[in-house]
Every structure is written in C-alpha cells, then in structure tokens.
Amino acid sequence: MVAMRSRRAVFLLGLGAAIAAGVVLRMHTREQATVNGRVRPLDSDSAYHMRRARFAAANYPRTILFDPMMNFPEGGVAIWPPLFDVVLATPAVLAQGRDASAESIERGAAWIPVVLGAGAVALAGLLGRRLLGTGAGIAAALFVAVCPAHILWSQYAHTDQHAAESFCGLLALLLFLASRERPEAPGNARREALAGAALAVAVLTWQGAIYWGAIFALALAFEAVFAHRSVLRSAVLTLGLPSALAGAATAAWLAWLRPPLTYVSFGYFQPLFLAALCGGTAAIGLAAGGLRGSLTRRELVLGLGVIGAAAAATLPFAPALLAGLRNGIGYVAGSTSDIAGTGGYVSYPKDWLKGIFEARPLLADGPGLALRQLSAGFFLAPLVVLVWAARARRGVRRGVYGALAIWGAVTLFLALSQRLNVYYAAPLSALALIETARAVGTHLLRRASVPLRQRRALVSVAAGLALALPMWPGLQEELASVNVPGSDLFETLEKMRATLPHAVDAYDPRLLGPPPFPEELSRASAVMAPWSMGHLLLYNAEEPVVANNFGYGFLDSIRFFLAESEEEALAIARRHRARWIIATDLSLRMNDYASYLGRPPYLSETPEGLAPVPAYFATMQARLYDFGGKGASLGDVAVEPLTKVRLLFHSKSAIRRGDRWIPRWTVFEIVD
C-alpha cells in the first residue's frame, strides 16, 4: 500500500511538472498575439472561430451555422460543429454575461487552446500509465508537453479546433481502452457509456472525429472475431449512444437549417455514420457468435433489433453515406472533387488542397520535418504497431492492444497523408519511443547482474532521450517563430472596418436566421480578395466576402485575379456584388493558380529567382498589385491602366520588387 501511494505521488508530481512545462511553452505566442491592445487570432481559421464565439457569447449557446456574409451573396454553411465555439465564448460569458465585449471574448478564448493542450498532456500521461506503468506515464506526458507537433496547434490565441480535437480524441481513446481491459467485468457498461459520451463530444467538436468511431468499430469487430466475445452491448454504448447524443444535439443546434449530408460539414452525416457503424459492428458480432455456436436467443433478438434500428435510420441515406466515406478518405489522401450541394459543399473544391502547405504529405520534403516535430519515435511507430498487433493476436490484453494497433495504423495514415495531422501522432510517437526505449534497456541488460531493474531504467531513459533528441531543433524553431500575421495587415483591415460603409452589423442577431435575413443585405457589397484572407476579412473588416478558407469562391477568386481583361474580372465581381478589392503578393502561388485554370505558368525560374513572363502583366493581379491600377510601359510590354477601379489606401509596409517598393496590402474600389 505504501509503495502504491509512493508511485501515485511520484506520478502526480511528474504529471504536474509536465503540465506546467506544457503551459509555459504554449504561452510563447502571447506577446505577439496582442496587437494594439487586442488579442488577435493566430490564423484565418482561428479568426472565423472567433466570429462564431462572438455570436455564441451574445446568443449562448447558439452560434451562426449558415453565414449570409460569406460566399456572398448566396451565403454558405460554416462547416464546423458549434461546441468548440461555445467553449471559446464561455469564459467571457461567465465573467460578463451575454453583453461581454469583443475584447473580453478574445482574451478568454485565447486561453482555451492552452487549457486543452494542458489537458492533452495530462491524458497522454494517464494513457502511458495505464499501458506501461508510472514511469511511462510521466515520460508520455513530458513528450507531449514539449513536442513541437503538439505545441504548434495548441498555443495561446490559436483558436482553431485542433487543440480540442487532440484533447477529445485522447479522452475517447483512454476511456475506450479502459472499457476493453475487462469487458465482462461488473460495471464495464458504465465505462463503455463514458467512452461513447466522449465520442459524442469529439464529434460535436469537429465533424471529422467520426474516424474515432471507425477505430472503435474495427476494434470491437476484432474482439468479436478473435477474442470470441460478444460485443453487442459495447457496440450499442460505444457507437449507438454517441449517435443518439450527437443526433439530438445536432437537431437542437441546426433548428431550421438543413445542410447537405456530407462528411465536410456539421450535420446529420455524423450521427448517421455512427449509427451505421453500430449496426455493422453488431452484425459482425452476431455472425461471429453464430459461427462459433455461442449465440444465445436473447442476444440474437437484441442484436437483430439493433441492426434493424440502425438500418432503418441509415439505409435511406446509404448513397450519401457511402459517397461521404469515399470523399472523406480521398480528402485525407489529398484528393477533392468540387461537388456542390444546397447551401454548401459536398466535397471541397477541386485542386484546393494542392497549394496548402499543411495539406502536403508529411514526408514530401524528406524525413526532416517529422524528425523535428515528432522525434525518431514517429519512425519507430510502424514497428511498435506491429508489436501491439502481435500481442493482441497472442491474447495479451487482446482488446486493449488490438485497439491500440488499429489506432496506431489509422494515425500513421492521417499524419503521413497531411502534415496538418501531426498532432494526432504526438501521443503515438511518445508511446512508440517509450516501448522502444524499454526494449533497448531489456535487451542490452538481459544478462546483467543486480541491480538489474535500476540499470535497465537508466538505459531505457538514455535511449528515450537519444530518440527524442531530434525534436530539440524543432522546439527551438517553434519557440522562435512568429505565428501572428503582421500588425500592418490588422491595421489595413481595421481601416477597412472604420472607413468602408457597412450595410448590416456583422453581428446582427438576425443573421442567425431563420430566413428572411436582414433586408439590408440586399444593399451590401462584398470584398474580392485572395481566398486565404476570407476569414480574417470577415472577422476584422466585418465586410461580406466572396471567397474564404472553407473553399467558397475559391475558383472565382483565382479567376478574378488571373483575368486578362478588366471586363472579364468585373463580370466576376458583379456576380458576387463585390465593390471592394484587396490585393497582395501572390507570386508564390501564381503558377499553381494558373495550372488550376489550365494555363501556362506566369512566372519562370531564373538564376535570380522567379521572373514574370509577358502574359503576367495582362493579369488583374499585376495591374492591381504591381502597378496600383495605373498602368506602365515596360519596354516591349505595355501594362494597360484600369479604368473602373480606383485606389483607396494601402498598408505602410512594403516589399521590394525590382527597383520599386510595393505596398504589402492594397485596397481598391470598383467604380463601374
């Protein structure tokens, strides 16, 4: 008993130290995120989450789900579930109520990723302890605390949902593994229900969290086949219960809105997909029980009831569910198909992922990024996954190690497919490193003399530190990086908010719906800008936008800036009732954008870097950004002035282009 208390005290001290270190490291963005007295979101997606948090604070717990001010003038579905945005708003609501100021909401929300990051550190420690003991739990917590791949997405003011994905996913995994230790023990139904509830929270936090449901379904199917165990109750509580909970919450939040049935956005796809997993897992369990002759009449009747209920709920939507599954796997693998649906996308725009750095495969530029962000543990993970699978096959904690092997394989696929997903791999890399270090200690000292245990521990620690060492440059790089857009961008957007007319208040509660939306929207004008600025424009300038980071208006934005005549560009602007234009440097993307439209490159590689070809100077991008709409004569190339666009203002900062300085951000008005 004394030894047990001692181990618990050591674990709690180690876990506390890891959490403290994790919080300190995640606070390094605090100073850079504070601009002109306000806390600024670290990126565009974080900005739109802040927009939804402001709606949630004033209309708690409702927030905007269909936004008439994006994809203007049609509007579009905001693809994320609302739970995370409600959480972002909660600190300000608790402090100031529904009248909380924008500044208070921003300050409170900025802490949420840090809190969730600290929670993920704690969960990683509990996971390591459950699997491999006290020392492993402390090591796993410390690994996630200092792991650059995890810090990157859980920093102060990084109000994107990734920190919540990590926390909710780890919570669901930990509870699911707890339920698979002794599935037939008294009280295990409660553990299975807790795992199901955690899965429901994960799905209401991020729509893609249904992949955890797929992991749990595969793990239960493995148990049914290889452990000769009934999984009917487990399927109902772990998959059916979250389907019901997520379905009820979805209905409450959506109210009047009926978004497309798609993996892309929050809607009924997620609860229906979980219901299908429940029915499928129950069917596999019944089939396995029938083949081994252990199926009771009661289990058969209950199982057929569960399968029938799942089929009744999902079969009418089977084509959409299958298409969503196919498109979702394709999205993770980097493929999108640009399928439109009523009020939103059924799949993201074609070619949309090609130019997004975070969507590139993790090893596209070699192993360096993975080593710096995840250590050598990531490259050992495939071997450790095979070890877990072998343990499960031999019957060693079969349900636990079977689930771990499936989780590990899926996590590797996610991380390798898109570098955005590296934070999923942080706990996996930690466990792989610990397993490997312990194996090294055991192997090297197999024939050693007493005190063997202490010497093995020292060798294991040394091996673990050596394997983790490649993360040190990545941690230094992360802590030295500036993650917030420059203050000149915020100043430009604030000037737009202060000087451009606003037909409707960007936080008018009538925007929540149901239709009709504010009549003033019919007199509103939108901003045409590069699609990647859409969320920042809507949040900071508070003007309707044509294109944004959800993928709305993606190709029209590219067609506008690559238009080779003023009339062609203005025709696109008219369709979207765009009156304002914001231009910035697109040189790094011009050739990608040209390829999306089937055109030859606008910039050529030279020993001095990228250089424009003559066709570039005919584009609206060149005429707006490089020459401010005024035109110029460049030897044999004449740049025609724009006749229906006038310069309003530009940022103070500039970039060097040849012998000229060009403002980094320039705002124009269409006077057609």
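**Reading salt bridges and burial**

Mentor: Glu 181 counts as partly exposed, because its relative accessibility is 27%. The model is predicted, so local features need pLDDT of at least 70 and side-chain atom pairs count only at pLDDT 80 or more, while totals for chains, interfaces and linings use all residues. Residues are numbered from 1 along each chain as its sequence is written, and side-chain values use heavy atoms, with hydrogens and water left out.

Trainee: What do the words buried, exposed and partly exposed mean?

Mentor: Buried means under 20% relative accessible area, exposed means over 50%, and partly exposed lies in between, with a 1.4 Å probe and protein chains only.

Trainee: With which residue does Glu 181 form a salt bridge?

Mentor: A salt bridge is a side-chain nitrogen of Lys or Arg within 4 Å of a carboxyl oxygen of Asp or Glu. Here Glu 181 pairs with Arg 397, with the closest N and O atoms 2.4 Å apart. The partners are 216 residues apart: Glu 181 is in helix α8 (residues 162–181), and Arg 397 is in the loop between α16 (377–394) and α17 (398–417). Such helices (H or I, at least four residues) and strands (E, at least two) are DSSP runs, numbered from the N terminus. Arg 397 is also partly exposed, because its relative accessibility is 28%.

Trainee: How many salt bridges are there by this rule?

Mentor: The count is 30 salt bridges. One network of them links Arg 180, Glu 192, Glu 223, Arg 229 and Arg 233.

Trainee: Where do Arg 664 and Asp 488 lie in the chain?

Mentor: Their side chains meet in a salt bridge of 3.8 Å, N to O. Arg 664 is in the loop between β15 (660–663) and β16 (665–670), and Asp 488 is in helix α21 (residues 487–499), 176 residues apart. Asp 488 is buried at 13% relative accessibility, and Arg 664 is partly exposed with a relative accessible area of 33%.

Trainee: Which residues of α6 are buried?

Mentor: An α-helix has 3.6 residues a turn, so residues three or four places apart point the same way. In α6 the buried residues include Thr 134, Ile 138, Ala 141 and Ala 145.
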